[in-house]
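Visitor: I have a structure open here and would like to talk it through with you. Could we start with the strands and then move on to other things?

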Number of protein chains: 4
Amino acid sequence: MIDLIKQYTETRKHTESLCAPLFIEDYVIQPVEEVSPPKWHLGHTSWFFETFILIHHKKGYKLYDENFDFIFNSYYEGVGERVVRHKRGDLSRPGVQSVYQYREYIDQEMKELFSQYKTLPDHLAILVDLGIQHEQQHQELLITDIKFILGHNPLFPVYENFTEDWIIKDDGFISMKEGNYEVGYTGNSFCFDNELEPHKVFLGPFEISKKLVSNGEYLEFIESGGYQDFQYWHSEGWSWIRQHQIEAPMYWHKDGKHWHHYTLQGLQRLDPDLSVKHISFYEASAYAEWKGMRLPGEFEWEAASSHLRWGERWEWTNSAYLPYPGFKKAEGAIGEYNGKFMVNQMVLRGASVATPAGHSRVSYRNFWHPHFRWQYTGIRLAR
Amino acid sequence: MIDLIKQYTETRKHTESLCAPLFIEDYVIQPVEEVSPPKWHLGHTSWFFETFILIHHKKGYKLYDENFDFIFNSYYEGVGERVVRHKRGDLSRPGVQSVYQYREYIDQEMKELFSQYKTLPDHLAILVDLGIQHEQQHQELLITDIKFILGHNPLFPVYENFTEDWIIKDDGFISMKEGNYEVGYTGNSFCFDNELEPHKVFLGPFEISKKLVSNGEYLEFIESGGYQDFQYWHSEGWSWIRQHQIEAPMYWHKDGKHWHHYTLQGLQRLDPDLSVKHISFYEASAYAEWKGMRLPGEFEWEAASSHLRWGERWEWTNSAYLPYPGFKKAEGAIGEYNGKFMVNQMVLRGASVATPAGHSRVSYRNFWHPHFRWQYTGIRLAR
Amino acid sequence: MIDLIKQYTETRKHTESLCAPLFIEDYVIQPVEEVSPPKWHLGHTSWFFETFILIHHKKGYKLYDENFDFIFNSYYEGVGERVVRHKRGDLSRPGVQSVYQYREYIDQEMKELFSQYKTLPDHLAILVDLGIQHEQQHQELLITDIKFILGHNPLFPVYENFTEDWIIKDDGFISMKEGNYEVGYTGNSFCFDNELEPHKVFLGPFEISKKLVSNGEYLEFIESGGYQDFQYWHSEGWSWIRQHQIEAPMYWHKDGKHWHHYTLQGLQRLDPDLSVKHISFYEASAYAEWKGMRLPGEFEWEAASSHLRWGERWEWTNSAYLPYPGFKKAEGAIGEYNGKFMVNQMVLRGASVATPAGHSRVSYRNFWHPHFRWQYTGIRLAR
Amino acid sequence: MIDLIKQYTETRKHTESLCAPLFIEDYVIQPVEEVSPPKWHLGHTSWFFETFILIHHKKGYKLYDENFDFIFNSYYEGVGERVVRHKRGDLSRPGVQSVYQYREYIDQEMKELFSQYKTLPDHLAILVDLGIQHEQQHQELLITDIKFILGHNPLFPVYENFTEDWIIKDDGFISMKEGNYEVGYTGNSFCFDNELEPHKVFLGPFEISKKLVSNGEYLEFIESGGYQDFQYWHSEGWSWIRQHQIEAPMYWHKDGKHWHHYTLQGLQRLDPDLSVKHISFYEASAYAEWKGMRLPGEFEWEAASSHLRWGERWEWTNSAYLPYPGFKKAEGAIGEYNGKFMVNQMVLRGASVATPAGHSRVSYRNFWHPHFRWQYTGIRLAR
């Protein structure tokens, strides 16, 4: 129990430390629907503890502010009305200071709740753990959303000395034999419902690359006309790059002859040795096609993972985000967590520089629509 | 070879016989993007033979009309510019008669091509077969597009005495054991690239329903408030039904107390015993959730198919449309056939009353976006 | 009364003669919202007589078909539900033949109604006259809509030997003195409510061109970069040409070096001496600005009209479409005719080659949104 | 000259004092395209002095920041690229403090420029005057934009003790005789180009109301079903209220039985005696129609103005925003000020509680699209 309380406290503090380099102004805006204002993340992660724990499990708990319930709900239909997602950036109030006060209030109340138990009962421990995991997911979003907000500003402001770089020098491929493999989560700690049940899958023989595709390799694809040749692309990917006039990864800028890319340390000259990032599934898939290879399936990735160095970038797989055999949604609003997104999204495996430690495990299934690329996403090849 | 020529001739005639009951006016319109004008289907299926066979393989072949190449191309990027898909219904010319003349010209030229060989060489036979298969796919679309055109007209015109009804009385479920199963096409006749390579998959134990969900059963879902309760729906499905104010399958109309549905024989009183049809994946999935069950995966379906009566309706599976291990696109424009659609679509298995005979096989993979429902689509449950 | 009946008969026949050169296919489509299918015009003009005359004034009149009331209503809110305007082209039924039968029925019934009177009572004569005027307006739309349908087809089909050409050789300007002028309709025949009340306006001194701007003159504007220089354009006009990539009048096509334009006689080489046509208000205004002049006001036009040759093209004025002092809407649905459009539209004066004789008078006020150009619209300069 | 410098200083200070009650967060957001972030107004008004005066007329002037030129340009095509208007709210940087530093820098530079002259030469005086007028216009927008930002927040925050209320008790109408009237600006001080040339207009006899329509009177219109009856509405107005589900003026909220409205002092109970405000042209026009009257023309208003109490609310007229006879755009970018908006907008006369003193004159022509209502707009009747 002490560990959980400690983890709670550290997680909450870490979220705030991620915002420390921000201007007040940076907390407020939402340049595109999928990028939420940092102050919304701060409020929403607190709302989660209030809504799913304090209201139900702390006697005499007094709601902090009825309006916050409306403002900081994300997509939980079962919990009531909410600000439409693309309008989060229309709200200048509550101000940043008020949101921090809200966090303090929640932390104080949680602390009191913890103090009422010698040992946290299981049903509460599970919820607290989920709230921590939830906040950690938002920590990753906070970083990528901050990067979007600053990286789409013509002044290209520096966030701080946050390193996004990663190089794997290992060339070559791992060979895997055909056979039945066990996939899914089998441990005793926290996992999401989408990692269950663990189950067997049959895989044919395959090879998977030891390293991720580098900026330099991706540049070859660009320079060979990859964005101009439909044959490498899914039909919807081809429409997407033409409609949005996409000709390079997100954050890349060509300044005369030289390519630069925006990083959280500011605009920098592109280093060809680093792994390419901010890639959509469409681009990852087109690159693989151009190379005469393919993306791995999520179970191939999982089966081979012990032989791979990973954790630098989320890696697109060619697997759609679907339930495992025996998948069960949790009861009530908590059950809205994952299952309802299981259509039209692709699975990513691994983790990124923005991923909190607790979110790195071989069974972890991240998922995004195939055109999203503001996350730290990269490419590993298979064949 | 005689068989192939005979099949060619019969397929071409059958396409025209499907249009026989139409008014000239019905040939022209395109009420929504995915429903093409019947005269476009007539032209496009001929264009396919012209573009992929006659131009390359018949010496001295004279293009029928340069403009037709532009007008009747569908989505083949490799073959040149084309009329934007949603503008097919903006073209009153070429007139219906001209399109039939185009068909005649192509048939005449194909006949001459055939007459030049005692035995059709393999590379040609393969293309002719593909052209026939392609035209058969459009025969199915012709029926569903005609149904859309007539069924969305306030006069609800009758097409002809085309029977859409099907009843399976078998109650209960088939039990399947866990194990490795072989899936994919293993025969010697035609199949699409998306059915290859045949491969092994591991399946856990499951049960699959002997019959499809009936109108009466689906009505219970409606009447119990299924369209008003978010918890049964994918997040995108919920948005979709609310945005389009969907509260019943396509073609259903409530007239005071009674439900009617439009069929190709006109508007008819709903028969609760018939299998429900014109269902989106979202609705199929929500129904299954409401029943406490799920949709089968495509390999579960294939593994169990020999124990099932099927062929009445396309059956939504909970499998995304993805390539099989070892999938290879054909060279050139023909290769644009299937692979580029392998994202954001769900697999349907089985066949429907509108499916030509040659398109019914257990390895056949149909696929649509999850919101489409103008095809004859239904629901089989699994658990 | 005989005159009115004769006029009725001739008007009705003329409408049908305009459609004589069409294919059945041409009657059905609606490539853009503002272009209605020809069969809709045929039905709607008949519906007008049925709805405003036969139903109320012919004893025992039997509605032809309830559905037609729904299908052929245009925008009369007071008369009931109707097919949404941009979906007129989604209806293949009623077929063209049925629509002609509907016309016959209405004509027969009108004839019987006429036969019941020696002299048509005033209230009926007024309505019949309005119905005739209404149908004449649709005759003009029929021509321009047919031109749109054929002229946006890649085959550029010929309609018939319809002459659109007009040349005025008179150079120079008419000088008008300052003073109070009488404007508005003062005769005893039919006029629309928007031409009343006649009233006095004060005009300063001005000059107005004897001729309209020619193709050749307009080409100079294009070639001098007029479409690339924002300073000639209204802000909304500039957005409009950039969004729609407009660089020439509607129906102009550059084939290598030479300009062609689509006419109802097919695609033709551009004649620089002819008056330019199919011009939006934005383009007319930008041209005038480029010339260092301006468009005339509608009262300037009216005041000078007796000195001008006009009738070849609708001429954009720089006057917004607003009510005259003392303007009164008619009672009931007929009152929806003009008044409710008096915002965001600009007045055009004159007439065009497509205008029926009865619609040419100096007080006539045509009006369109400033971006419309599928009518025969041209430019007269003032200063 | 001393007056102009004093006026410059006071205007600049007043702008900042309007922002004094804001949170940093309030400076940043742009909930709808037409509402700019307050910090954008602060920057843009400074940019105006920099771009049109300092760069050209102060020797050795050093541009403050190249990026600011891009960020704070509004719509001046002639001056270069700019941030797309609806994306002003996507920029968290430059921060509020930086924008105030920019203002300081500009003020310092302007002060130095002033100090170089004993008497400001005419061409400079004219530009300084224009810059002041421009900033005053933005002062009004600042207030209405702040009201929008706070008034659309679910917390309904208070701005400060800013009084929006106004009551005129004078009942009855003023009668005006027919005749020629002089309109337009005839003084020697500043006026906009759109107020010139002064000219004669002929007006028929009319009556114009002494007071504006009150909340109570407007409530009668609502309660009698005015928003549900198409016959009072322009066709485009009717579409607009249905599409946006508009049933009351902006900022009105019904709480059970009682109507409240948001004011800059917070949410308040509706006072039926106050003049109604935040009304679109469509609503003003529908109200007048319902009353059996009409809106005045802009020249009627101007002719009668000496008999009226006005200045509380901008009053919609039924006049389109068009150039006066002899209208001339200024040379260069300054000429983009007014003329290019002269289409699709309606004229408002008078002034509002948010209008700076220098902007109240009888010849002043305000203009907005007919659906805008976040300005202080009201209704005066005529007949």
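Visitor: In what sense do β5(A) and strand β6 of chain A pair, and over how many bridges?

Guide: This is a predicted model, and in it β5(A) pairs with β6 (residues 258-263) of chain A in the antiparallel sense, over four bridges. Within that pairing, A:W252 has A:H261 in β6(A) as its bridge partner.

Visitor: What is the strand order of the open sheet in chain A?

Guide: The order is β5-β6-β7, which makes an open sheet of three strands with antiparallel pairing. Because β5 (252-255) and β7 (266-269) of chain A each have a single partner strand, they stand at the edges, and one side of each is left without a neighbour in the sheet. Ignoring direction, neighbouring strands of this sheet are turned by 35° against each other on average.

Visitor: Changing topic, where does D:S214 sit in chain D?

Guide: D:S214 belongs to the loop that runs between β4 (206-209) and α6 (215-223) of chain D.

Visitor: Buried or exposed?

Guide: D:S214 counts as buried, because its relative accessibility is 10% and the cut-off for buried is under 20%.

Visitor: Now the chains as a whole: what rotation superposes chain B on chain C?

Guide: A rotation of 180°, with 0.1 Å of shift along its axis, superposes chain B on chain C with an RMSD of 0.0 Å. That is the relation of a two-fold axis, and the C-alpha in chain B nearest the axis is that of B:E25, which lies 2.9 Å from it. Since 100% of the interface residues of chain B are also interface residues in chain C, the copies meet through the same surface.

Visitor: How far apart are the nearest C-alpha atoms of chain A and chain C?

Guide: They are 14 Å apart, and chain A and chain C do not touch. Likewise, no contact joins chain B and chain D, whose closest C-alpha atoms lie 14 Å apart.

Technical notes
Residues numbered from 1 in each chain as written. Chains lettered and ligands numbered in written order. Predicted model: local features only at pLDDT ≥ 70, side-chain atom pairs only at ≥ 80, totals over all residues. Heavy atoms only, no water. Least-squares fit on C-alpha atoms with pLDDT ≥ 70 in both. Contact = heavy atoms within 4.5 Å. Helix = DSSP H or I, 4+ residues; strand = E, 2+ residues; numbered from the N terminus. Buried < 20%, exposed > 50% of the residue type's maximum accessible area, 1.4 Å probe, protein only. Pairing = 2+ DSSP bridges. Axes fitted to C-alpha atoms, helices over the stretch in contact; angles between N-to-C directions.
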